[in-house]
Amino acid sequence: MGDHTVATAVLSEHEASADDLSIWPASTTQVTPGGLAVGGVSLAEIAERFDTPAYVLDEGEVRERCRTYRDAFPEADVLYAAKAFLSRAMVRWVDEEGLGLDVCSAGELELAVTAGFPPDRIVLHGNAKSPRDLEAALRLGVGRIVIDSPSEIARIAAAVGPGRRQKVMVRVVPGVAAGGHDKIRTGTDDQKFGLSLTDGGAQHAITRVLGQSQLELTGLHCHIGSQISDVKPYLVALRRMVGLMARVRDAHGVVLAELDMGGGHGIAYRPGEPALDLTTLACRMRAELIEGCAAAGLTVPRLVVEPGRAVVGPAGVALYRVLTVKHAGEEVFVAVDGGMSDNPRPALYGVRYAPRLIGRASTAGPRTATVVGRHCEAGDILAADVELPGDIHPGDLLATPVAGAYQLSMASGYNLVGRPAVIAVHEGSARMLVRRETLEDFRSRDIGG
């Protein structure tokens with residue numbers, strides 16, 4: 001669908017509360033009372049033109065966040081974690097802004113490469129890579145494959161075949177607990193990822209990789225968790241990784257050239273929540289790396305970081321239409337036309353969001369309400385105990401900021417509702433990136449009879 005310019009009468013920025021818009025894309029402005037525009041485009045007009053539910057993605061915000069990472073880590077490789085959100089347009093933006101890509105499946109890999117992304121700037125992850133994943137990675141020529149378990153070593157070497165070499169890294173579990181929820185803490189020994197530093201599993205795997213002529217060990221990888229807002233866990237993990245690199249040098253005479261510290265950089269989903277200070281993280285990680293390598297007599301490896309959520313999360317806004325408002329005793333339930341099929345994160349992790357009425361002004365006082373989805377689950381809650389105008393009614397529009405990451409990418413076909421469209425906004429224009437899933441899509445996949 002072609003570009004579409006929407007004219008908006010922008011009000012003074014003083015008429016929009018900075019606190020209220022602090023977690024919204026930087027381009028967000030208040031338009032006609034009660035209305036918001038992102039990227040110069042009215043959200044209410046997007047809802048009318050493209051229907052709801054819909055995801056609005058601010059291209060300028062994505063690009064600016066890519067540049068912020070490049071500026072903060074000028075001597076490092078920055079890889080965008082595709083699992084947060086991936087589309088052909090997202091691939092192009094990331095490529096044009098000079099970031100690499102971190103993928104977790106043949107599907108993500110092939111979408112990226114067919115969209116024009118250079119495969120040598122792609123890293124393949126995964127705790128259980130399928131034969132198809134590895135075949136695609138080797139056929140397309142990915143830059144690195146991250147080895148996550150001992151059994152992968154022989155499998156990858158055999159798939160590479162004689163006379164060829166594949167660059168690999170070993171994912172190490174450094175024994176650091178960090179992250180916003182138990183289900184997204186990946187730096188300790190009690191979860192499915194990586195090879196343990198404490199029980200010697202990582203060291204044993206490194207020895208085996210170095211013994212395979214088809215594999216070239218370029219460095220080590222770790223990822224301690226997600227939605228981390230404190231710098232300290234990264235520094236602890238980095239020290240342990242440098243210590244392991246020194247032991248590899250001592251045991252094998254091999255100086256590894258790369259150290260990938262993963263991502264997991266936390267963002268604020270509601271005003272006032274903590275977020276990771278990227279400048280502080282970059283400065284302190286760099287200082288710790290230089291100091292640690294000097295003490296160990298190591299050449300400083302090239303640092304790699306893998307942000308996903310922190311690049312695309314704050315650039316997205318979810319739009320919903322209110323279907324019903326139900327009063328049950330003191331509880332108020334505002335049901336919308338989406339739910340856990342397009343955003344399972346509240347049900348999975350108890351994530352809290354800050355939805356906002358848009359499209360009209362309200363003079364009613366606030367009322368505590370719970371925004372729920374349309375699905376047949378009591379846990380289908382999008383935002384619990386939020387303040388909304390007391391006169392909210394069916395037909396109203398709700399917009400939820402910080403909706404760019406791990407929502408559409410985790411969406412399902414539950415109740416055959418269909419996944420929402422993704423609409424890009426930039427400099428006053430809106431265009432569809434991903435069309436809405438339809439009944440015809442479900443019918444075409446169902447070939448039984």
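A: Helices and strands are here DSSP runs numbered from the N terminus, a helix having at least four residues of type H or I and a strand at least two of type E. On that basis, and in what is a predicted model, Ser87 belongs to the loop that connects β6 (77-81) with α3 (88-96). Is Ser87 buried or exposed? Its relative accessibility is 5%, and therefore Ser87 counts as buried, the limit for that class being under 20%.

The contacts of Ser87 come next. Leaving aside residues up to four places away in sequence, Ser87 touches Leu111, Leu433 and Val434. The number of Leu111 falls within α4 (106-114). Ser87 can also be placed by a distance across the model: its C-alpha atom is 38 Å from that of Gly390, a residue 303 places away in sequence.

The helix α4 leads on to α5 (131-140). The buried residues of α5 pack against α4, and likewise against β8 (122-124), β9 (144-147), α6 (150-160) and β10 (166-173). Those buried residues are Asp133, Leu134, Ala136, Ala137 and Leu138. An α-helix has 3.6 residues a turn, so residues three or four places apart point the same way. Asp133 and Ala136 can be read with that spacing in mind, as can Leu134 and Leu138; these four are among the buried residues of α5. After α5 comes Gly141, with a positive phi near 80 degrees.

One of the partners of α5 is α6, the helix in which Ala154 is placed. Ala154 has a relative accessible area of 39% and is therefore partly exposed.

Most residues other than glycine have a negative phi, and most peptide bonds are trans. Against that background, the loop between α1 (43-50) and β5 (54-58) contains Pro53, and the peptide bond from Thr52 to Pro53 is cis, with omega near -10 degrees. Asp51 lies in the loop between α1 and β5 as well, and its phi is positive at about 75 degrees although Asp51 is not a glycine. With a relative accessible area of 44%, Asp51 is partly exposed.

A further positive phi, near 60 degrees, occurs at Asn415, again in a residue other than glycine.

Met340 lies between β16 (331-336) and α11 (345-349). Beyond four places in sequence, Met340 touches Ala347, His375, Glu377, Asp380 and Tyr414. From Met340 to Pro174 the C-alpha separation is 34 Å, for a sequence separation of 166 residues. Glu273 occupies the loop between β13 (258-260) and α9 (278-296) and is partly exposed, with a relative accessible area of 26%. The C-alpha atoms of Glu273 and Ala251 are separated by 45 Å, although the two residues are 22 apart along the chain.

For the chain as a whole, there are 12 helices and 22 strands. Its radius of gyration is 23 Å, close to the 22 Å that the globule rule gives for 449 residues, so the chain is as compact as a globular protein of that length. Along the principal axes, the C-alpha atoms fill a box of roughly 70 × 55 × 45 Å. Buried residues make up 53% of the 449. Of the contacts between residues at least 6 apart in sequence, 69% link residues at least 24 apart.

The accessible surface amounts to about 18,700 Å², with 51% of that area belonging to carbon and sulfur atoms. There are 46 positive and 55 negative side chains, and the centres of these two sets are 5 Å apart.

The mean pLDDT of the chain is 91, and 92% of the residues score at least 70. Residues 1-19 have a pLDDT below 50, and this stretch makes 39 contacts in the model beyond near neighbours in sequence. Over residues 183-187 the pLDDT stays under 50, with 25 contacts beyond four places in sequence.

Methods: Residues are numbered from 1 along each chain as its sequence is written. Side-chain values use heavy atoms; hydrogens and water are left out. pLDDT is the predictor's confidence in each residue, from 0 to 100. Contact means heavy atoms within 4.5 Å. The radius of gyration is taken over C-alpha atoms; the globule rule is 2.2 Å times the number of residues to the power 0.38. Buried means under 20% relative accessible area, exposed over 50%, partly exposed in between (1.4 Å probe, protein chains only). Accessible areas come from the Shrake-Rupley method with a 1.4 Å probe; for residues, only the protein chains shown count as cover. Lys and Arg count as positive and Asp and Glu as negative; His and the chain ends are not counted. The place of a charge is taken as NZ of Lys, CZ of Arg, CG of Asp or CD of Glu.
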